[in-house]
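This briefing covers helix packing, overall chain figures and a few local backbone features. The structure comes first, and the notes follow by topic.

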Amino acid sequence: MFNRKDTVESHSGPKVKAVARAGSHITAPVLTNNKIIGNVHFIHNAHSFAGYRTHSEKTQGITETKAVILKHKRRICSEYQYVTEYNSLPGEQVLLSERFTQPLILQRHRDQKQREEEICSSGESFQEVLSSRSSEDSVHLNSLFDPDDHGISPSSVILQGNSGNGKTFTVQKIMLDWASGDLYDGRFDIVFHLKCKEINRIPGKKSLAEILSYSCSLTSDQISQVLQRSPEKALFIVDGFDELKLAWDGTSAHNDLLQKASPVLTLCALLRGRILPESFLLVTSRSTATDTLKDLLKGPQHFSEIMGFAKEGVEKYFWKFFHNEELFRQAYTFVKTNEPIIAACSIPVVCWIICTTIKERFKHGAAATSGLETTTSIYVDFVCTLLEHHCQGLSQSVPTLLRSLGQLAERGMLEQQVLFDEESVNEMVSDPAGSPFLCKFLFKRRIRQETMFSFMHLSFQEFFTALYYVLLDEEESQRKLTELLTNDSLIDAPRFAAVVQFAFGLLNKDVRSTLRKHGLFVHPKTQAYLKEWILKTLQCPIYSRIVLFFLHCLYELHEDDFVKEAMDVWKNINAYGAFMRRTDCWALLYCSQCCQSIEELSIVDGKLTCEMLSMILPAIVKYKKVSLTLDDSSDSVFAELIYAFSRAPTMSSQCVDVWQWINTFESNVRSLNLSFNEALSSICIETSLCGLAPSLTLGLTFPRSEIINIDWIKLFQILHQRDSDALMSVLCSVSKLKKMKMKVDCLSTLWTVWSLQITQNCPSLTELAINADILLEEGIKILQRSYTRPACIMTFQGLICNKQHQKCSNWQNKKQSCNQEVKIRLNCQGFSMETLRKPLWN
């Protein structure tokens, strides 16, 4: 641009003389060895300029450009290899390579049904939904700019994602991998990273080159040099478009790399393709701003969305965070079976919160589930993290924002809605686009588009409903809660049960302290109301699934003194038919450990596994009577169950019954009965071979202190194998064995001789009782000639065959009419037999 009538002459190459009036433009093919008269400002030479350079000039220019790009890459490698986490102190950083996990990125829009499926599914089903999306449409970072099905490559890629889903981390990874030569090598010579929230703060008028110089180590002249040489090999990553304070009206003629304007206007000109139209764009944004972005962005466009982590991503993130097999397994096992948390873990920032929380436990020597933060506390931490780091420039206060979100969430809960139309959202939330907790979707409705909103997941809608209820004033809060707690659907509709559980979690002392830091207060009388309600309800008989609901309410509250008070009221926990999950076991374990002694626990037909039984072992020893059924069996778990009582505080009496339904062709423990008092232990073990053979039952009574001295796993294995010699060896090692009972199929010569030997080899044994289906004549004849040692009594009970010839010799013939039940006594004085009943059939 020339400020007045000035002259430019070229003295080498083609003869050029250019004259222009002030304020006008001129383009010349070449301007080298120039004679310049007047006040002249060069914007840039024409594109054919390089064609008139000498070979040495061309080589020098290429070398200089490569040097500039290399400098840029080195700076990126240095700056981007580390990340600063939300809670980092000054100077604290972690390597990006040790933290970044590839998120699930989809390159298509989903319809309303698919969105609802993602929002409403939970636990394993939620992970299955994400995995199905991954197998269908997922893409990697290196394929974002690949041609579509029609062979058309995009000039612009929209990378949409919810708050905390890892958009910025992903951008940082792209920058680092490009600079390291691992991504887009040969495709993009230069990549620039523009952060919209920083552009908002740049003062005055700036050219694009000057704006770029704010975000990298290059000068604006160096940037101009690189971009003019090969603009078609430049990629601009614009991060956080939703944070841009947009002021572009679409009428600007701004179209030059060095032309100055407000930073936002300059950026918009780049996005629109007015500046460097040959370049490429990758723009990240929340879903709430993508409809604005698509109208502004040059084409062709491709849409992609960061979904967060699928199941494999969550597992990989946990492994990268802990870098220790044992710690990783403890932490990930906790997460993968907690339905609300595994759904929330698709959000990377939630993964970080949970891993950070668990890591703190490990630092203090605690197990992952020892005093672990409640589900509510994790959701509160997530909300507070987003409020602090993703809510800059809110147009309303935090309490107002959360109240409006709570009203919207409650409406959805009452109307069974997870997707909300734009009009209803605007009625309740003054700035939905500014909320990091809402997602915005565009759906096709015949010939038009419709805008819909949702919460990140149904569990967040349940959480915000609970938060809304407990933050209301005293009267309104109690009215809302009363309507909810007297609703018959509390049992049958999990969404209402989840709201109540979150409400109890929000009463926790530490949670209330966190809320107060953001100006949020739970009324003391609301706390008193909910506590009074649960104490009153627990005084009534409670069965089945509702039992698990109350356990979780107390677990989420997590106040030991009150939970002890509640468990003193709730004497019998009967979860008959309630499908048990690991999270239910944690809740049961916590509630039980708050007390010294509880009356009764029954988990029958609850799909309880041996793994779950291991989890609740410390709780079982707190109950006087326990009844359990297992879906599988394990010798080691049964052994640990028995050992647990040797370590437990002594009670006056305890009784435990465990049954296991056998559905395999392997030998398994079918039932286990344990009875304890302060002095003695009675343990009865019954095994079977899935109905293919008769059962074998062994009952032992001995001092409680002897439990730890018996190899129970070995004993179970021997019973499975029906190895009488090995069984003799183990029982003889029990030095203080008092009483023994056995049930066998037939009292054969083998078992008769065995029973006589055991009384001789166990001097402490005072009673031996054997029950058999059939008492064979060969065994009875041996007993008739035998005696016991003094102070030992033996009894044998079963059926004898009255036939003179071809007597019954098999337990399967016990229902024959010839059989009669008898009882044999044997002591130091000899043999006696009495008839207990007449033959079954005459």
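Helix H10 (residues 311-322) packs against helix H13 (residues 348-363) at an angle of about 40°, and their axes are 11 Å apart. That angle makes H10 oblique to H13, where angles under 35 degrees count as roughly parallel, over 145 as roughly antiparallel, 65 to 115 as roughly perpendicular and the rest as oblique. The model is predicted: local features need pLDDT of at least 70, side-chain atom pairs count only at pLDDT 80 or more, and totals for chains, interfaces and linings use all residues. Residues are numbered from 1 along each chain as its sequence is written, and side-chain values use heavy atoms, with hydrogens and water left out.

**Helix pair H10 and H13**

- The crossing of H10 and H13 is right-handed; a crossing is left-handed if the near helix is turned anticlockwise from the far one by less than a right angle, and right-handed if clockwise.
- On the H10 side the contact (heavy atoms within 4.5 Å) is made by Val314, Tyr317, Phe318, Phe321 and Phe322.
- H13 contributes Cys351, Trp352, Ile354, Cys355, Thr356, Ile358, Lys359 and Phe362.
- By class, this contact of H10 with H13 has eleven nonpolar, one polar and one charged residues; Ala, Val, Leu, Ile, Met, Phe, Trp, Tyr, Cys and Pro count as nonpolar, Asp, Glu, Lys and Arg as charged, and the others, Gly among them, as polar.
- Axes are lines fitted to C-alpha atoms, for helices over the stretch in contact, and angles run from 0 to 180 degrees between N-to-C directions.

**Other helix pairs**

- Helix H23 (residues 545-557) and helix H25 (residues 582-593) cross at roughly 65°, and their axes come within 9 Å.
- The crossing of H23 and H25 is left-handed.
- Leu548, Leu551, His552, Leu554 and Tyr555 of H23 meet Thr583, Asp584, Trp586, Ala587, Leu588, Tyr590 and Cys591 of H25, giving nine nonpolar, two polar and one charged residues.
- Helix H17 (residues 458-471) and helix H18 (residues 474-485) pack at about 135° with axes 7 Å apart, which makes H17 oblique to H18.
- Tyr468, Tyr469 and Val470 of H17 touch Ser477, Lys480, Leu481 and Leu484 of H18; by class these are five nonpolar, one polar and one charged.

**Whole chain**

- The protein chain has 31 helices and 26 strands, taken as DSSP runs numbered from the N terminus (helices H or I, at least four residues; strands E, at least two).
- Of its 842 residues, 53% count as buried; buried means under 20% relative accessible area, exposed over 50%, and partly exposed in between (1.4 Å probe, protein chains only).
- Among contacts with a separation of 6 or more, 70% are between residues 24 or more positions apart.

**Surroundings of Val425**

- Val425 lies in helix H16 (residues 422-428) and is buried, with a relative accessible area of 0%.
- Leaving aside neighbours within four places in sequence, Val425 is in contact with Leu408, Phe420, Pro432, Leu438 and Phe453.
- Val425 and Phe453 are 28 residues apart in sequence, and their C-alpha atoms are 7.4 Å apart.

**Backbone geometry**

- Gly299 and Pro300 are joined by a cis peptide bond with omega about 0°, and Pro300 is in the loop between helix H9 (290-296) and strand E11 (301-308).
- Asp605, not a glycine, has a positive phi of about 55°; Asp605 is in strand E16 (residues 598-608) and is partly exposed at 38% relative accessible area.
- Ala791 has a positive phi near 70°, is in the loop between helix H31 (777-784) and strand E24 (793-801), and is exposed at 63% relative accessible area.
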